[in-house]
Structures are given as structure tokens and as C-alpha cells.
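Subject: Handover of a structure

Dear colleague,

Please find the structure below, together with its sequence.

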Amino acid sequence: MAFINASSPYQSNKRKTSEIMRWVILCLIPGIAIQSYYFGFANLIQIFIAALTALICEGFILHMRKRPITVTLKDNSALLTAILIAISIPPLSPWWVVTIGCGFAIIFVKQLYGGLGQNIFNPAMAAYVLLLIAFPVQMTSWLPMHDLQSIDMSFIDQLSCILTGSTRDGYSLQQLTSNIDGLSMATPLDITKNALNAGFTISEILQRAAFANSSWQAIQWVNIGFLFGGGILLYKRIIQYTIPLSFLLGLSVFSFIAFAYAPDLNTTPIFHLFSGATMLGAFFILTDPVSAATTQKGRILYGLLIALLVVLIRNIGGYPDAVAFAVLLANICVPLIDYYSQPRVYGGRT
């Protein structure tokens with residue numbers, strides 16, 4: 001019998017890493033398709049740029065480290081990281097934003113730690129946090145859904161805006177991200193956070209145009225798309241239910257406690273569940289087998305910790321969506337969580 005000494009990710013099934021990554025990418029398609037339907041196809045352009053950048057960066061660093069290039073690229077991990085970064089940023093962000101993010105994720109967060117299985121942080125979330133802190137204007141310039149856009153844009157116009165900063169007719173990103181009523185298209189979490197800081201109550205915020213029109217429903221449908229894809233991953237046993245279930249239940253319970261304590265200052269659990277990157281995070285980010293907890297009890301604690309951090313940051317912190325920050329903070333705690341949640345060895349002392 002041959003014993004193979006290999007690093008994580010470890011799987012109880014016999015699927016190869018490339019097959020697992022391929023299934024995760026395929027299950028992202030429903031959410032990406034709904035996102036494209038409501039907000040345009042610029043996210044597909046971002047995915048192409050991100051994928052190209054990630055593969056080039058991974059190939060370059062593997063060459064510098066004298067590692068096999070073709071075999072490593074075929075595991076699809078770099079491609080998955082690129083897609084997660086591309087769909088997390090505003091669709092019309094300049095091309096260099098996603099390029100910097102993917103380069104940082106692959107070179108600094110993944111490969112400089114030793115490659116797949118050695119990184120302690122989720123590469124996509126580390127890149128997202130870097131971009132959000134370094135380029136706050138570009139990372140908060142979200143498009144209204146196509147029905148509310150004051151300027152009709154073709155695919156070529158969106159490509160031109162990403163590559164040059166304006167459409168063929170000269171419309172800038174700032175002009176494109178406002179609708180005909182002058183409403184800047186921030187995400188529902190952005191709108192809620194800014195309005196609460198300005199002294200408005202939740203009931204007053206929910207009466208705003210951003211929640212009255214179909215943009216809010218579009219955000220919900222995007223989350224439902226990722227929920228559907230996550231359900232397929234669970235059905236195919238690509239991921240385990242422990243982390244998504246503990247995260248979503250924890251998010252519901254913690255947000256309900258906050259809402260019950262101060263309903264004028266905190267949103268409902270439904271709002272938290274179907275806003276921002278909740279479903280994308282629950283099924284495609286938290287379940288990263290490399291940076292997540294590995295023991296069964298540890299996965300439950302890991303999901304609950306991220307849920308608590310998300311609610312705290314969304315309700316109290318300075319950033320509206322907290323999934324990326326919560327994941328990175330929980331990544332730091334993984335060694336401690338795994339250490340204290342190890343199952344007792346059979347025959348050992350109690």
C-alpha cells in the first residue's frame with residue numbers, strides 16, 4: 001500500500017482537486033447569470049480579465065519557484081479565485097482594479113505561502129479587502145440595474161468603460177452609476193449604513209426609492225442564484241453542510257437578537273440573509289477547505305464566529321458588508337479552533 005504525503009485540501013471522497021474546483025465554478029453560474037441579467041454583462045468582462053491575470057501570475061510564480069506549471073494550473077484553483085474576485089467588485093471597475101486584486105491573491109496570499117494547501121487566508125477575500133481599502137471610490141461605484149440606468153450601454157460601451165474609464169460617447173463612470181433621478185446606486189447595505197449614520201430609522205430607510213424599486217429585488221435574486229448553486233454543491237457532496245448551515249443559522253439568530261433589541265437601528269434577519277455577499281459567502285467562500293476549520297465541531301464554531309462578526313460589523317462597524325473581513329478574522333482563529341475542537345482519541349484519557 002502506497003502512502004501519499006500531501007497538503008490540504010483533504011476530501012473524504014475520491015474526487016480530484018481539479019474536479020472539485022470545476023464543480024464549484026459550475027455552481028457559481030446561476031448567481032453570475034442572474035447578476036448579468038439585472039446589471040449587464042460587464043461582470044463577464046471582469047471574469048475574463050481576472051482569469052487571464054490569475055493564470056499568468058500563477059504560471060510566472062511557479063516558474064520562479066521551479067514548480068510544475070501545467071499540472072498546477074489544471075487544478076482550477078487560480079481560476080476559481082479569479083472568478084470570486086471578479087464577481088465581488090463593481091462590474092465597471094477599471095481593468096487595473098481586478099488585475100491588482102488577482103495578482104495580490106495569487107502571488108502574495110497563495111503562492112508565497114507555498115501554494116494551494118499552505119495559505120492561511122482565503123485569497124479572494126484578502127484581495128477584496130486590499131482593493132476596498134486601497135481603492136474605496138472604484139470599489140463602491142455600483143451600477144443601477146439596467147431598467148434604472150439613465151444611459152443605455154451596449155457590450156462595447158461596457159468594455160470601453162472598463163478599459164478606458166468612459167463609454168464611446170464619453171460618459172464617465174460617475175455618470176453611469178447614477179440613474180435618471182440622480183440616485184447613486186449603492187448596495188442596500190451601503191444605503192442602510194449611510195442612512196443610519198445620518199440619523200434615519202430603519203422604517204424610514206426602507207421607504208426610500210432604492211428599496212421601493214426592483215433593484216432591491218434584483219439583489220435578492222442574485223443571492224437566491226448563489227443559494228441554488230450552493231444547494232447543488234451540497235447535493236453532490238462537494239462541500240459539507242456544517243459551515244453553511246451554522247453560518248446562516250448564526251446570522252439569523254444574531255441579527256434577530258439585534259433587531260429585537262433595537263428595531264429602529266437594526267435590520268431584520270431576512271435583510272441580512274439576502275443582502276450583500278451572504279449566500280456567496282456561505283457556500284463558496286466560507287467552505288474553502290484550505291483556510292476553514294477542519295474538525296466537525298470546529299466548522300460549527302467557525303461558521304458561528306463569522307456570523308457573529310458579520311452582524312457586528314454590519315450593525316456597528318464602518319463597512320456595510322462584512323463577509324470578507326469576518327472570513328479573514330476567522331481564518332486567523334482557525335488554528336486555535338482546530339486545536340480545542342479535536343475529537344478525543346479512542347482509548348485516550350478523558
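Accessible areas are computed by the Shrake-Rupley method with a 1.4 Å probe, and for residues only the protein chains shown count as cover. On that basis, the protein chain exposes about 17400 Å², and carbon and sulfur atoms supply 65% of this area.

The model is predicted: local features need pLDDT of at least 70, side-chain atom pairs count only at pLDDT 80 or more, and totals for chains, interfaces and linings use all residues. Residues are numbered from 1 along each chain as its sequence is written, and side-chain values use heavy atoms, with hydrogens and water left out.

Overall fold

The protein chain has 17 helices and zero strands. Helices (H or I, at least four residues) and strands (E, at least two) are DSSP runs, numbered from the N terminus. Of the 350 residues, 52% count as buried; buried means under 20% relative accessible area, exposed over 50%, and partly exposed in between (1.4 Å probe, protein chains only). A contact means heavy atoms within 4.5 Å. Among contacts between residues at least 6 apart in sequence, 75% join residues at least 24 apart.

Gly229 lies in helix 12, which covers residues 214–235. Gly229 counts as buried because its relative accessibility is 0%. Leaving aside residues up to four places away in sequence, Gly229 touches Cys27 and Phe284. The C-alpha atoms of Gly229 and Cys27 are separated by 4.4 Å, although the two residues are 202 residues apart along the chain.

The whole structure holds five aromatic pairs. Rings of Phe, Tyr and Trp (its six-membered ring) pair if their centres lie within 6.5 Å; planes under 30 degrees apart count as stacked, over 60 as edge-to-face and the rest as tilted. One of the pairs is formed by Phe226 and Phe284, whose ring centres are 6.1 Å apart and whose planes stand at 70°, so the pair is edge-to-face. Because Phe226 lies in helix 12 and Phe284 in helix 15 (residues 278–285), the pair ties together parts that are 58 residues apart in sequence. Both Phe226 and Phe284 are buried.

Helix 17

Asn331 is found in helix 17 (residues 323–340). With a relative accessible area of 3%, Asn331 is buried. Its contacts, not counting residues up to four places away in sequence, are Ile120, Phe121, Asn122, Ser291 and Tyr302.

Two residues with positive phi

Most residues other than glycine have a negative phi. Lys66, in the loop between helix 2 (42–64) and helix 3 (69–73), has a positive phi near 60°. Asn76, in the loop between helix 3 and helix 4 (77–86), has a positive phi of about 65°. Which of the two is buried and which is exposed? Lys66 is exposed because its relative accessible area is 78%, whereas Asn76 is buried because its value is 16%.

Yours sincerely,
A colleague
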